[in-house]
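User: I am new to this structure and would like to go through it step by step. Could we start with the sheet and then move on to the core and the aromatic residues?

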Amino acid sequence: MARPLRIEYAGALYHVTARGNAQGDIYITEEDREAFLKLLKNSCERHQWLCHAYCLMDNHYHLLIETEAPTLSKGMKYLNGTYTQQFNRAHRRVGHVFQGRYKAILVEKDSYLLELCRYIVLNPVRARMVRSAKDWRWSSYRATAGLGEPTEALTKDWLLGNFGKQRKRAIEGYKAFVKAGRNQPSPWEKLRNQVYLGSDEFIEHAQCQMTDEQSLDDIPKPQKLAPVKPLIHYVKQYPPAEGMAKAYLSGHYSLAKVGEAYGVSYATVSRAVKAWEGM
């Protein structure tokens with residue numbers, strides 16, 4: 001399958017993830033995690049990033065990065081590349097630490113930044129590694145909630161500003177917001193075209209930010225927006241699995257929306273899409 005296009009522009013917001021090679025751990029010691037956070041701080045400073053949230057799991061990480069300049073690729077090359085060198089040197093290893101390229105989802109800030117900040121810090125809770133977000137040292141939750149030492153890589157002002165003008169009230173609002181999100185559906189039900197989380201207008205705006213070198217002709221087929229066809233078209237014209245895959249890959253409908261049309265869960269639609277793409 002074609003690699004997702006990297007759309008980069010000033011003011012873009014990304015949910016970035018990277019996983020360990022062969023599902024292996026990318027952090028073995030606390031020193032590894034501390035070293036990664038130091039590199040994240042450096043990348044924010046050097047490449048004009050704002051990090052709104054992060055979570056370092058064992059074999060992968062989540063970052064929510066806003067770029068004040070179109071520097072995502074450069075910053076990620078520094079972050080993952082330098083960390084790989086340090087990790088291998090510290091543990092006397094050679095070879096890849098990460099599994100291929102990082103994954104970056106382009107996010108509509110006004111609609112999804114808050115939701116993703118919550119989703120990211122709840123990862124250890126969903127994985128049943130801890131009972132509460134405050135119990136995981138290696139996410140942005142404790143620093144944002146005023147429970148630990150400030151993390152230099154983290155930008156908290158925008159996030160806390162959504163919960164009040166007074167710091168104490170804003171922190172309490174943030175803590176309540178995260179707590180209420182434990183049983184919320186995954187935001188990835190609304191993922192579009194593999195790389196977008198946002199409205200049609202947002203996707204159109206993002207594609208308009210591409211440079212001449214990033215023409216629409218270079219966008220892999222699943223990421224292009226075909227003319228809109230109603231969901232009933234796919235229901236009537238194709239067998240269920242094929243119809244679900246084609247409806248989602250058209251780019252106009254989320255997994256959840258396609259699932260509603262077929263009377264199945266978004267997970268069933270996701271499996272149909274993966275099976276279709278693997279043919």
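User: Which residues of E3 lie on one side and which on the other, and are they buried or exposed?

Analyst: Please note first that this is a predicted model. His60, His62, Leu64 and Glu66 lie on one side of E3, and Tyr61, Leu63, Ile65 and Thr67 on the other. All of these residues are buried, and both faces of the strand are covered.

User: How many bridges join E1 to E3, and how many join E2 to E3?

Analyst: E1 and E3 run antiparallel and are joined by eight bridges. Histidine 15, for example, has leucine 64 in E3 as its bridge partner. E2 is also antiparallel to E3, with seven bridges, and tyrosine 54 stands opposite leucine 63 in E3. A hairpin of three residues leads from E2 to E3.

User: What about E4 and E5, in which sense do they pair?

Analyst: Strand E4 (residues 103-107) pairs with E5 in the parallel sense, over two bridges. Leucine 106 has tyrosine 196 in E5 as its bridge partner.

User: Why does threonine 84 count as buried?

Analyst: Its relative accessibility is 16%, and buried means under 20%. Beyond its neighbours within four places in sequence, threonine 84 is in contact with Gly95, Val97 and Phe98.

User: Now the core. Which residues have the most contacts inside it?

Analyst: The largest nonpolar core has 85 residues, and those with the most contacts inside it are Val16, Leu40, Tyr61, Leu63, Leu106, Tyr174 and Val258. Helix H3 (residues 109-121) gives the most to this core, with seven residues. In general, nonpolar side chains of soluble globular proteins tend to be buried together.

User: What does leucine 40 touch?

Analyst: Not counting residues up to four places away in sequence, leucine 40 touches Trp49, Cys51, Leu63, Ile65, Leu79 and Ala153.

User: And how many aromatic pairs are there?

Analyst: The structure holds 12 aromatic pairs. One of them joins tyrosine 234 and tyrosine 238: the ring centres are 6.3 Å apart and the planes lie at 25 degrees, so this pair is stacked. Tyrosine 234 is buried, at 6% relative accessible area, whereas tyrosine 238 is partly exposed at 24%.

User: Which residues form one aromatic cluster?

Analyst: Tyr27, Phe36, Tyr61, Tyr83, Phe87 and Phe98 form one.

User: Last topic: which rings do arginine 118 and arginine 126 sit over?

Analyst: Arginine 118 lies over the face of phenylalanine 177, 3.9 Å from the ring centre. The charged end of arginine 126 sits over the ring of tyrosine 119, at 4.0 Å from its centre.

Definitions and conventions: Residues are numbered from 1 along each chain as its sequence is written. This is a predicted model: local features need pLDDT of at least 70, side-chain atom pairs count only at pLDDT 80 or more; totals for chains, interfaces and linings use all residues. Side-chain values use heavy atoms; hydrogens and water are left out. A nonpolar core is a set of buried Ala, Val, Leu, Ile, Met, Phe, Trp, Tyr and Cys residues joined through side-chain atoms within 4.5 Å. Buried means under 20% relative accessible area, exposed over 50%, partly exposed in between (1.4 Å probe, protein chains only). Helices (H or I, at least four residues) and strands (E, at least two) are DSSP runs, numbered from the N terminus. Contact means heavy atoms within 4.5 Å. Rings of Phe, Tyr and Trp (its six-membered ring) pair if their centres lie within 6.5 Å; planes under 30 degrees apart count as stacked, over 60 as edge-to-face and the rest as tilted. A charge sits over a ring if NZ of Lys or CZ of Arg is within 6 Å of the ring centre and within 35 degrees of the ring normal. Two strands pair if DSSP finds at least two bridges between them.
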